[in-house]
Amino acid sequence: MLIVTYYWPPAGGPGVQRWLKFVKYLKNFGVDPIVYIPENPHYPIVDNSLVNEVAKDVTVIKQPILEPYQWASIFSKKNTETISSGIIQEKKQQGLLQKIMLWVRGNLFIPDARKFWIKPSVKFLSNYIEKNAIDTLITTGPPHSLHIIGLKLKAKTNVKWIADFRDPWTTIGYHHQLKLTKNSQQKHKLLESEVLNKANHIITTSYTTKKDFSEITTKPITVITNGFDGDIVERKTLDNTFSLAHIGSLLSERNPENLWLALKELITENKEFSEDFQLVFVGKVSEQVLNSVFNYGLKDYLTNVGYVSYQESVQYKEKSQVLLLLEIDKPEMNGIIPGKLFEYLQAKRPILAIGPNKWDAARIIKETNSGKYFNYSSKEKIKTQILKWYKAYQSNELQVDSSSEKIEKFSRKKLTKSLATIINQLS
């Protein structure tokens, strides 16, 4: 079986975790994976510690890639890194250069900036598939250019093709920010439809994405969420402070001002809370979010750690009193389930989730009884819940009331078993 992925160690961030862990466990279920990756990728985040997690007996093949983001960094390294990471400022805050770069990215690079890897990959892999008698191909996106590789290989070979969507395509949150012309938008939709209707099987990471895709194709679609690796953590040394921690990138639109206001009011009204409280950001944070936090008087309560290695991020998850999960407050984000949610589940710390009204992540939090979900307008309810958790913290009783069995189904090993079942049925 051949896996075509752009993100692979030393890439950092959530995009690399899914297939790194699937590859780790596939052999346990009788599947021998071969991984195809770019030789010279432009990763916005690098985490060299993940290199050690690649199984020694896995075959990894590489081919060069032409990366436009490397050219773009000549004009503006900062804008290039933020756009490639998905951190895009609001329209009114965008400078002329960023507007131009977004237009170029959206209209000249369809489906994305990795489109130049399609043709050489198809040429190389066509021969590789035939020579090595590969019977199953998996492409994972974004970048969705990789699905075009799968589309073309499907047409040229007898391979069975699974298209894995870690995120949606035309309904993903930042898609509308790419300043697409009507013609470009149509091209995206046509490519999306062709991929969905030519693949033998579709995998999504959320229930909403499955529902949306079901309106475009009749091909079988399976939800295999992201997950966590290793055992569920039961014992840990927690922060002495009442820490509320967000682990991962904080985009400009993930900015719950009612949360900042609720925290400001609690600090003002409750002296003990003001002495114990600590807000922690671990990962890249947009300037807009930081400015908002500062404007609500929380600067002295914020520890802004910045990006850390994956292993370090795990430590922050395990020691924090409460874990913060945020998503953009838009209907098109209902199907985005952040990968960090599952590692939050593993840490078994209460989760404060704030997102859109019909968010898939809220369903998982409710099923596992691992925290509380609120929409962006629920300031008083958020404030009441934080105060309830704070009182439990004061009496050393703050914990998650969830059985390990409810959480265990999201382990990487259990999820890989579901994937292997699909692969073996196609083979």
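Tutor: Because the model is predicted, local features need pLDDT of at least 70 and side-chain atom pairs count only at pLDDT 80 or more, while totals for chains, interfaces and linings use all residues. Residues are numbered from 1 along each chain as its sequence is written, and side-chain values use heavy atoms, with hydrogens and water left out.

Student: How many helices and strands does the protein chain have, and what makes a stretch count as one?

Tutor: The protein chain has 17 helices and 13 strands. Both are DSSP runs numbered from the N terminus: helices are H or I with at least four residues, and strands are E with at least two.

Student: Why is Leu125 called buried?

Tutor: Buried means under 20% relative accessible area, exposed means over 50%, and partly exposed lies in between (1.4 Å probe, protein chains only). Leu125 has a relative accessible area of 0%, so it is buried. Buried residues make up 56% of the 427 residues in the protein chain.

Student: Where is Leu125 found, and which residues does Leu125 touch?

Tutor: Leu125 is found in helix α5. Not counting residues up to four places away in sequence, Leu125 touches Leu2, Val4, Tyr36, Ile61, Ile149 and Leu153; contact means heavy atoms within 4.5 Å. Leu125 and Tyr36 are 89 residues apart in sequence, yet their C-alpha atoms are 8.9 Å apart in space.

Student: What makes a group of residues a nonpolar core, and which residues touch the most other members of the largest one?

Tutor: A nonpolar core is a set of buried Ala, Val, Leu, Ile, Met, Phe, Trp, Tyr and Cys residues joined through side-chain atoms within 4.5 Å. The largest nonpolar core has 60 residues, of which Leu2, Val4, Leu125, Ile149 and Leu419 touch the most other members. Apart from this core lies another, of 33 residues, including Leu290, Val322, Leu326 and Phe374. In soluble globular proteins, nonpolar side chains tend to be buried together.

Student: Why are α5 and α6 called oblique to each other?

Tutor: The axes of helix α5 (residues 118–131) and helix α6 (residues 145–156) come within 9 Å and cross at roughly 45°. Axes are lines fitted to C-alpha atoms, for helices over the stretch in contact, and angles run from 0 to 180 degrees between N-to-C directions. Angles under 35 degrees count as roughly parallel, over 145 as roughly antiparallel, 65 to 115 as roughly perpendicular and the rest as oblique. The angle of roughly 45° therefore makes α5 and α6 oblique to each other.

Student: What is the handedness of the crossing of α5 and α6?

Tutor: The crossing of α5 and α6 is right-handed. A crossing is right-handed if the near helix is turned clockwise from the far one by less than a right angle, and left-handed if anticlockwise.

Student: What are the angle and the handedness for α6 and α7?

Tutor: The axes of α6 and helix α7 (residues 182–198) come within 10 Å and cross at roughly 50°. That angle makes α6 oblique to α7. The crossing of α6 and α7 is left-handed.

Student: How do you know that α13 is largely enclosed by the rest of the structure?

Tutor: In helix α13 (residues 340–347), 8 of the 8 residues are buried, so the helix is largely enclosed by the rest of the structure. The elements that cover its buried residues include β8 (242–247), α12 (310–319) and β11 (322–326).

Student: Is Asn396 buried or exposed?

Tutor: Asn396 has a relative accessible area of 73%, so it is exposed. Asn396 lies in the loop between α15 (379–394) and α16, and its phi is positive, about 60°, although it is not a glycine.

Student: What makes Pro10 partly exposed?

Tutor: Pro10 is partly exposed because its relative accessible area is 28%. Pro10 lies in the loop between β1 (2–4) and α1 (17–26), and the peptide bond from Pro9 to Pro10 is cis, with omega near 20°.
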